[in-house]
Amino acid sequence: MFNIVLVAPEIPANTGNIGRTCVVTGSRLHLVGPLGFSLDEKSLHRAGLGYWESLDVTVYESWADFAEKNALVAGDARLHLLTKKARRTYAEASYQDGDFLVFGCESVGLPEALLAANAERCERIPMLPDVASLDNARDWGTPGERPDHAALLAQDVCGNFIDPEDYRISALNLSNAAAVVLYEALRQTGFAGM
């Protein structure tokens, strides 16, 4: 069984979608606070549909609380920290039953201190840089056509807000990123039907 860990998630629908993916793959969900929403929010349960009651989920106050309760130490081989700042890709990693696939909050990712303490455990999902992913921005509408045009142009094709002056590339939606990495881990460990 794999463990999906969301550190300070902000968008309830992403957490609901990830919860549904956990149920259908037999994975466990760990929510590390602070959470940016209440666990009884309609959008969380709507995204999780009827799966939420079947979800194996645990909520923690902080990373320290999570690490203590799961007997994890810095650099633990069971950790896979997903970040845009890693050299190694998720496909280059080796996954074992019981590993923890760790994702940060939607707006800023995982804390820098956590990444620094676990540098060898960091992995990324390869993606095009913002310049390439924004090539179709003209197709999203013209100024005046939509009241949110300026906001759209400040987003990449996945809907993530970007800073064009930033050196980092855009990221997948959190629920998509979790699914991509989880399915690679399941593939490597012989998940039924793969």
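User: In which loop is Pro34 found? Please continue from there to the packing of α1 with α7 and to the lining of the largest cavity.

Analyst: The model is a predicted one. Pro34 is found in the loop that runs between β2 (28–32) and α2 (42–48). The peptide bond joining Gly33 and Pro34 is cis, with an omega of about 5 degrees. Ala8 lies in the loop between β1 (3–7) and α1.

Helix α1 covers residues 12–25 and helix α7 covers residues 174–188. The two pack at an angle of about 20 degrees, and their axes are 8 Å apart. Angles under 35 degrees count as roughly parallel, and α1 and α7 are therefore roughly parallel to each other. The crossing in which α1 passes α7 is right-handed. On the α1 side, the contact is made by Asn14, Asn17, Ile18, Thr21, Val24 and Thr25. On the α7 side, the contributors are Leu174, Ser175, Ala178, Leu182, Tyr183 and Leu186. Sorted by class, this contact of α1 with α7 has seven nonpolar residues, five polar residues and no charged residues.

One cavity of 30 Å³ or more is counted, and the volume of the largest cavity is about 30 Å³. Its lining consists of Ile4, Ile18, Thr21, Cys22, Ser175, Ala178, Ala179 and Leu182. Both α1 and α7 supply at least two residues each to the lining of the largest cavity. The most is given by α7, with four residues. By class, the lining of the largest cavity has six nonpolar, two polar and no charged residues.

Note on methods:
Residues are numbered from 1 along each chain as its sequence is written. This is a predicted model: local features need pLDDT of at least 70, side-chain atom pairs count only at pLDDT 80 or more; totals for chains, interfaces and linings use all residues. Side-chain values use heavy atoms; hydrogens and water are left out. Axes are lines fitted to C-alpha atoms, for helices over the stretch in contact, and angles run from 0 to 180 degrees between N-to-C directions. Angles under 35 degrees count as roughly parallel, over 145 as roughly antiparallel, 65 to 115 as roughly perpendicular and the rest as oblique. A crossing is left-handed if the near helix is turned anticlockwise from the far one by less than a right angle, and right-handed if clockwise. Contact means heavy atoms within 4.5 Å. Ala, Val, Leu, Ile, Met, Phe, Trp, Tyr, Cys and Pro count as nonpolar, Asp, Glu, Lys and Arg as charged, and the others, Gly among them, as polar. On a 1 Å grid over the protein atoms alone, a cavity is a set of points where a 1.4 Å probe fits but cannot get out, and a pocket is an open set with protein on both sides within 12 Å along at least five of seven lines; lining residues have an atom within 4 Å of a point. Grid points are joined across faces, edges and corners, and a volume is the space filled by probe spheres set on the points.
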